[in-house]
Amino acid sequence: MFKNPSFATGFAVIALVALGAALAGHATGYEFDAINMSEVLKSPSRANWLGTDQYGRDLFTRVLFGARIALRVGFIAVAIESLIGVTLGLISGYLGGYVERAILFVTDLTWAMPPVILAMAIVTVLGPSVNNVAVSIAVVSWAQFTRVVRAKTLSLKELPYIEAAESIGESGLSILVRYILPNVAPSIIVLATLSLPSAIMSTTALGFLGLGAQPPTPDWGVMLSEGISYIEDASWLSVFPGVAIVVLVVGFNFLGEGLRELIDPRIKL
Amino acid sequence: MNGFFAFVLRRALYGALVVLSVTAILFSILQMMPGDAIELLGGNRISKNRIEMMRVAWGLDKPPAIQYLYWLRNLATGNMGVSIMTSQDVAKMILGRLPYTLLLTFLALAVQYLAAIPLGLIAGVYRDSLFDRICVQSAVILRAIPSFWLGILLILLFSVKLRLFPVSGYSGLQSLVLPVLSIALPLIADTMRLTRSEVVETMAEKHVTTARAKGLRERLILLRHILRNSMVPVSVMFFLTLPWLIGGSVVVETVFSWPGMGRLLWRSVAQQDYPVIQGIIFVIAVLTVVCSTVGDIVLSLLDPRIKGAVKS
């Protein structure tokens with residue numbers, strides 16, 4: 001697996017980010033919300049590698065804690081969207097007929113709105129918080145799982161061993177779970193990895209708009225929107241949280257590309 | 001031709017159904033919002049009686065389904081209601097903002113395709129050259145950059161450090177440069193990758209070899225045989241990404257305080273100004289569905305083989 005350069009690069013980047021996120025508080029010796037009014041807006045130095053913000057909080061510490069939030073929201077969102085998407089994909093592919101048409105119509109509905117806008121509407125209703133952002137991202141982006149899983153199920157259900165299972169009287173549910181799902185699983189893993197970057201980017205966008213995590217939570221989007229006010233004097237506040245987003249997203253893109261090449265080269269997003 | 005007309009009609013009807021369903025769903029979702037605009041407006045300062053009167057006046061006392069039907073009936077006559085915050089006519093508010101958003105979106109589209117197609121063509125033709133590798137690698141980074149952060153970086157570089165462009169708002173053509181770039185640059189990456197891979201695929205096809213064997217000039221082969229055939233998927237993507245651009249512009253408009261529809265939506269969401277939110281979502285849903293419908297139709301015109309696939 002590690003001979004695949006995309007996978008190896010992605011894995012290394014993600015491992016590094018995860019390590020940083022895990023050690024966040026201990027590694028830097030600061031807390032993400034430790035206010036220090038005598039060290040306000042200090043530029044990057046030995047004591048504060050990435051400088052400090054308007055409350056004198058260590059930016060490096062906050063960026064590391066931000067990785068926790070990005071990873072958490074990303075994983076929750078993708079878990080929910082794959083759960084919804086895979087279930088509907090299996091059902092529509094296997095049952096066909098009106099059920100399939102109804103499900104396909106609903107997937108068309110989610111594609112009728114730009115995801116950020118739909119997520120904005122949903123998060124407004126649920127109230128701004130990190131978990132609600134995850135839910136709203138999942139609600140707008142499960143459809144691609146349905147599309148892929150449905151196509152796979154359609155071709156799988158024609159295979160002789162499925163027919164055999166049907167003829168000995170196995171129920172539809174048991175066929176789906178025992179025979180079709182395991183065969184679709186590798187594609188789901190690839191798709192889930194490829195969905196993480198866009199989930200993370202949407203999270204930061206919603207955070208930036210003030211619809212996600214609320215201060216003092218060290219969400220990268222929130223940090224960037226706070227940093228704008230100090231762009232003239234403390235440009236590091238506008239730079240480093242963004243660099244962190246790009247690093248994590250590039251990491252997952254590589255990981256996903258690598259998995260795609262290794263497992264299922266035909267999957268498209 | 002008759003079959004084609006029927007196909008167009010069916011797609012259009014389906015599109016209308018999608019728009020109606022989306023607005024119905026969003027309408028009911030918005031009704032579930034905790035607390036309504038009147039409480040938000042008046043707080044505890046207004047008497048209970050007065051609150052009830054206002055509720056009735058705005059139709060907020062009716063069940064969501066009825067409110068939706070009211071809204072549809074008004075919409076048919078071009079009436080989207082009035083803003084709860086400013087009492088302005090919603091349709092007028094949106095119409096006033098829409099040109100700014102469309103200006104931004106279409107300029108970004110132009111930049112995106114004018115840059116991406118030549119880059120992708122050259123990278124594909126000279127595959128594995130240094131130029132190709134630079135293009136592919138920078139695309140990896142470019143598509144990972146959130147447009148709002150790109151906007152911040154551009155402000156930092158061109159407005160704060162170099163003082164070349166205004167930071168925000170709309171003050172003539174020069175204030176377009178930075179927002180357009182922040183929307184277009186990340187999208188160039190995807191379009192370039194698509195163009196490149198299509199070019200690579202087309203170059204391996206037999207008709208290109210035939211053209212070479214006939215002794216056609218290389219430039220002619222490039223334009224007539226390779227570029228033209230590679231453009232089918234790219235032009236479809238054009239229509240499919242248009243809504244994404246509009247969505248992306250919400251965030252970028254906020255960064256640059258751009259007086260467009262996106263920033264209006266953002267402000268209305270913060271103020272829970274239902275009529276405005278509903279109006280904007282309707283407009284965006286219509287734009288999106290029109291784009292994807294036109295995309296399907298164009299695709300079926302460009303490549304008749306795909307027609308069956310489009311329908312399913």
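Trainee: Let us start with B:L98; where is its place?

Mentor: B:L98 belongs to helix α5 (residues 90-125) of chain B. Helices are DSSP runs of H or I with at least four residues, strands are runs of E with at least two, and both are numbered from the N terminus. This is a predicted model, in which local features need pLDDT of at least 70, side-chain atom pairs count only at pLDDT 80 or more, and totals for chains, interfaces and linings use all residues. Residues are numbered from 1 along each chain as its sequence is written, and chains are lettered from A and ligands numbered from 1 in the order in which they are written.

Trainee: How many other C-beta atoms lie within 10 Å of B:L98?

Mentor: There are 16, so B:L98 counts as partly exposed. A residue is buried with 20 or more other C-beta atoms within 10 Å of its own, exposed with 12 or fewer, and partly exposed in between, the C-beta atoms being placed from the backbone.

Trainee: And how many residues apart in sequence are B:L98 and B:G262?

Mentor: They are 164 residues apart in sequence, yet their C-alpha atoms are 8.9 Å apart in space.

Trainee: What does the secondary structure of chain B come to?

Mentor: Chain B has 13 helices and 0 strands. Of its 312 residues, 37% are buried. Among contacts in chain B with a separation of 6 or more, 73% are between residues 24 or more positions apart. Two residues are in contact if their C-beta atoms, placed from the backbone, lie within 7 Å.

Trainee: Into which domains is chain B divided?

Mentor: Domain 1 covers 2-76 and domain 2 covers 97-311; such bounds come from an automatic or database domain assignment. In the contact, 16 residues of domain 1 of chain B meet 15 residues of domain 2 of chain B. On the domain 1 side, α1 and α2 (37-42) of chain B each give two or more residues, and the largest share, 12 residues, comes from α1(B). That side divides into 13 nonpolar, 2 polar and 1 charged. Here Ala, Val, Leu, Ile, Met, Phe, Trp, Tyr, Cys and Pro count as nonpolar, Asp, Glu, Lys and Arg as charged, and the others, Gly among them, as polar.

Trainee: At what angle do α6(B) and α8(B) pack?

Mentor: The angle between α6(B) and α8 (residues 174-203) of chain B is about 135°, and their axes are 8 Å apart. Axes are lines fitted to C-alpha atoms, for helices over the stretch in contact, and angles run from 0 to 180 degrees between N-to-C directions. The two helices are therefore oblique to each other: angles under 35 degrees count as roughly parallel, over 145 as roughly antiparallel, 65 to 115 as roughly perpendicular and the rest as oblique.

Trainee: Which residues make that contact?

Mentor: B:C135, B:A139 and B:L142 of α6(B) meet B:L185, B:P186, B:I188, B:A189, B:M192 and B:R193 of α8(B). These divide into 8 nonpolar, no polar and 1 charged.

Trainee: Changing topic, how many residues does each chain give to the contact between chains?

Mentor: Chain B gives 38 residues and chain A gives 32. On the side of chain B, α1(B) has the largest share, 8 residues. That side divides into 34 nonpolar, 4 polar and no charged.

Trainee: Now chain A: how many helices and strands are there?

Mentor: Chain A has 10 helices and 0 strands. Its C-alpha atoms fill a box of roughly 75 × 45 × 25 Å along the principal axes, and 51% of its 269 residues count as buried.

Trainee: How far apart are the axes of α1(A) and α10(A)?

Mentor: The axes of α1 (residues 5-28) and α10 (residues 236-263) of chain A are 7 Å apart, at an angle of about 145°. Their crossing is left-handed, that is, the near helix is turned anticlockwise from the far one by less than a right angle, whereas clockwise would be right-handed. Among the residues that meet are A:F7, A:F11 and A:I14 in α1(A) and A:L248, A:F252 and A:L255 in α10(A). The contact divides into 13 nonpolar, 5 polar and 2 charged residues.
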